[in-house]
Amino acid sequence: MSEYSDEQLLEMFRDKHRRYEAFDRIVRQYKVRLYWHIRKILIVHEDTDDVLQNTFEKAWKGLSAFRQEAQLFTWLYRIATNEAISFLNQKRNKDMLPWDEAEPMLMRSLQSDAYFSGDEAQLLLQKAILTLPEKQRIVFNMKYFDEMTYDAMSEILGTSVGALKASFHHAVKKIKACIERSSLQ
Amino acid sequence: MSVDHHLMHHEELDKRNPFSVPEGYFDQLQEKVVFRIKKEKKSVFRIRYYKYVAAAACILLFSVWGLLFLTDTRQPATVGENADEEELELWMYDVLDKTTLTAALLNIETSEDILETCCSEEQEMEIIRFLERENITIAAIVHSLENDGGFY
């Protein structure tokens, strides 16, 4: 199925007889990209599924008020990112975990994840990514795996391009150091 | 070349996606999301509908209350303390300005305002429960007012 432009999708959505059809297409068009974005933050498939559904539900509720100041894709990414971060915070609060305990929690999830099909090298890389602070981790994933531009990331995360570049640079350095340490053990 | 060596000495780290999803997940997700928003829409509609019913009931109750306690000339001797339901209903139709009441019921765009000012949330729920129990709809109320009939 061919992709629709934001304008086409939004025009369809504004027609109340085609609202569901438009949203169905939006879900179809963005579900995979959003899923992987959230999954890299939350690691666990079931959590990702919950958060992705919440993301689309919020998008459905907010789409009427969407003023096209950003691209639809950017707007959806922003909702997804915020939802994923909120989910992690809730999990921390629920399990009464200190802030620095969240990453070990994700690390355990990664090791026991039935839907992790990577090899040893990929596991090592994911573990190294999980040692990063949350924001840096998100920046690294968006830049490295999703190959997103700094401008788009800046819109989604509400952070300046300069700060994002610095963040990515530090992330890469830390990941390399982490992998190096692992190889020496 | 070891895996570690590969990661350490190449500018590009391993970019392959190491995660997977259950089979058919994305198709099921599509259905789940669409089902969820349609369900959401239905429940919003139901809440809105209840509000209109509750608003209609408020108008009726407050009209009756106003007529009972505030309008001396309208307080008929025929409705005593022990008046049964039918008697009270007949009295209500006798004394209420049906045209005004019907018009109010048909034009209840401001129902939320009415509820906010005249009903607490508890009272609103009580009214809704009563109307549900008795299976009374706005349409039935309007119809009965227009046709001089009862609510049932």
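Predicted model: local features only at pLDDT ≥ 70, side-chain atom pairs only at ≥ 80, totals over all residues.
If you follow the contact on the structure, H3(A) contributes Asp47(A), Val51(A), Asn54(A), Thr55(A), Lys58(A) and Ala59(A), while from H4(A) come Leu76(A), Ile79(A), Ala80(A), Glu83(A), Ala84(A) and Phe87(A).

Let me move along chain A to H8(A), residues 150-157, and its packing with H9(A). Here the axes lie 9 Å apart and the angle is about 105°, so that H8(A) and H9(A) are roughly perpendicular to each other. On the H8(A) side the contact is made by Tyr150(A), Asp151(A), Met153(A) and Ser154(A), and on the H9(A) side by Val161(A), Leu164(A) and Lys165(A); in this contact we find 4 nonpolar residues, 1 polar residue and 2 charged ones.

H9(A) itself, residues 161-184, is worth a moment. With its 24 residues, H9(A) reaches 35 Å from first C-alpha to last, which is close to the 34 Å expected at 1.5 Å a residue. Which residues of H9(A) are buried? They are Leu164(A), Ser167(A), Ala171(A), Ile175(A) and Ile179(A), and Leu164(A) is one of the residues that also takes part in the contact with H8(A).

Two loop residues of chain A deserve a careful look at the backbone. Ile43(A), in the loop between H2(A), residues 19-42, and H3(A), has a positive phi of about 70° although it is not a glycine. Glu147(A), in the loop between H7(A), residues 134-145, and H8(A), also is not a glycine and has a positive phi, of about 50°. Are these residues buried or exposed? Ile43(A) counts as buried, because 23 C-beta neighbours lie inside 10 Å, whereas Glu147(A), with 8 such neighbours inside 10 Å, counts as exposed.

Turning to chain B, we have 7 helices and 0 strands, so the order of elements from the N terminus is simply α-α-α-α-α-α-α. Chain B has 152 residues, of which 12% count as buried. Among its contacts between residues at least 6 apart in sequence, 75% join residues at least 24 apart.

Finally, the two chains together. How many residues of chain B are in contact with chain A? There are 24 of them, and they meet 30 residues of chain A. The elements of chain B giving two or more residues to this side are H1(B), residues 3-9, and H2(B), residues 25-70, and H2(B) gives the most, with 9 residues. The side of chain B that touches chain A divides into 13 nonpolar, 4 polar and 7 charged residues. I have described this interface by residues in contact; the size of an interface is often given instead as the accessible area lost when the parts come together.

Note on methods. Residues numbered from 1 in each chain as written. Chains lettered and ligands numbered in written order. Helix = DSSP H or I, 4+ residues; strand = E, 2+ residues; numbered from the N terminus. Expected span 1.5 Å × (residues − 1). Buried ≥ 20, exposed ≤ 12 C-beta atoms within 10 Å, placed from the backbone. Contact = placed C-beta atoms within 7 Å. Nonpolar A, V, L, I, M, F, W, Y, C, P; charged D, E, K, R; others polar. Axes fitted to C-alpha atoms, helices over the stretch in contact; angles between N-to-C directions. Parallel < 35°, antiparallel > 145°, perpendicular 65-115°, else oblique.
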